[in-house]
Amino acid sequence: PDRILSFDPMFFYRFTKYFADWGHFPVWDELSYYVGRADTRLASPLMEIITATVYNFVKSSTSLFTVASQISSVLGALIVIPAFLLARELSNKYGGIFASALIGTAPQILTRTFGASYDTDQAALFFILFTLYAGFRCLRKKTVESAATAILVYSAAMLS
């Protein structure tokens, strides 16, 4: 729990630390590779916000570094939920269980969702499936509730 692997996860951790300490994101990142210009990566702050929020609930018992190194495993495990919902929407509950089992054991996904890989890949995989589910559900049901859910899911996907 005291490791974060690779350059990108450390980059995201620094922004999360800044957000957790100051309540807003930095305008300028003096340690990044964007030399001579402002960092434009702040267009997708959802992962940093989720991690800082979780940290605020557990900060008396652990550090932000530990939360950040473990949050990718939690977000990776959540990918099976939209996989189940999407396959259930397209087929039945058995198709949903089968799809979530396939997603949960796919090597291509497991290599991006392990602990200490604090990156945006987990949120991207989650929202690829969740936006597909919300879109199919909205087109099938054609209710205000399903349209509002789709808009909410699409908005969260834009932040990720």
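Ala124 lies in helix 7, where helices (H or I, at least four residues) and strands (E, at least two) are DSSP runs numbered from the N terminus. At 35% relative accessibility, Ala124 counts as partly exposed. The scale is simple: buried means under 20% relative accessible area, exposed over 50%, and partly exposed in between (1.4 Å probe, protein chains only). Ala124 and Ser160 are 36 residues apart in sequence, yet their C-alpha atoms are 6.7 Å apart in space.

The model is predicted: local features need pLDDT of at least 70, side-chain atom pairs count only at pLDDT 80 or more, and totals for chains, interfaces and linings use all residues. Residues are numbered from 1 along each chain as its sequence is written, and side-chain values use heavy atoms, with hydrogens and water left out.

Now step back to the whole chain. The protein chain has eight helices and zero strands. Along the sequence, the pattern reads α-α-α-α-α-α-α-α. Of the 160 residues, 41% are buried. Contact means heavy atoms within 4.5 Å. Among contacts with a separation of 6 or more, 62% join residues 24 or more positions apart.

Next comes the interior. In soluble globular proteins, nonpolar side chains tend to be buried together. A nonpolar core is a set of buried Ala, Val, Leu, Ile, Met, Phe, Trp, Tyr and Cys residues joined through side-chain atoms within 4.5 Å. The largest nonpolar core here has 16 residues. Ile79, Phe127 and Leu129 have the most contacts inside this core. Helix 4, helix 7 (121–141) and helix 8 (144–159) each supply at least two of the core's residues. Helix 7 gives the largest share, seven residues. Take Leu129 as an example. Leu129 touches Ile79, Pro82, Ala83, Leu86 and Ile103, leaving out residues up to four places away in sequence. A second, separate core holds 15 residues, including Phe12, Tyr13, Ala52 and Ile71.

How do helix 4 and helix 5 meet? Two packed helices are described by the angle between their axes and the distance between the axes. The axes of helix 4 (residues 80–90) and helix 5 (residues 93–105) come within 7 Å and cross at roughly 145 degrees. These axes are lines fitted to C-alpha atoms, for helices over the stretch in contact, and angles run from 0 to 180 degrees between N-to-C directions. From helix 4, the contact uses Val80, Ala83, Phe84, Ala87 and Arg88. From helix 5, it uses Lys93, Gly95, Gly96, Ile97, Ala99, Ser100, Ile103 and Gly104. By class, this contact has seven nonpolar, four polar and two charged residues. Here Ala, Val, Leu, Ile, Met, Phe, Trp, Tyr, Cys and Pro count as nonpolar, Asp, Glu, Lys and Arg as charged, and the others, Gly among them, as polar.

Turn to helix 2 (residues 46–58), the place of Thr51. Is Thr51 buried or exposed? Thr51 is buried, because its relative accessible area is 0%. The side chain of Thr51 makes a polar contact with the side chain of Tyr118, at 3.0 Å. A polar contact is a pair of N or O atoms within 3.5 Å; within protein, one must be able to donate a hydrogen and the other to accept it, and residues adjacent in sequence count only if both atoms are side-chain atoms. Not counting residues up to four places away in sequence, Thr51 touches Thr16, Leu64, Val67, Ala68, Ile71 and Tyr118.

Phe19 is found in helix 1 (residues 7–22). Phe19 counts as buried because its relative accessible area is 19%. Beyond its neighbours within four places in sequence, Phe19 is in contact with His24, Phe25, Glu48, Ile49 and Ala52.

Gly23 is found in the loop between helix 1 and helix 2, and is exposed at 53% relative accessibility. Lys142 lies in the loop between helix 7 and helix 8, and is exposed with a relative accessible area of 69%. Most residues other than glycine have a negative phi. Phi of Lys142, however, is near 55 degrees, a positive value.
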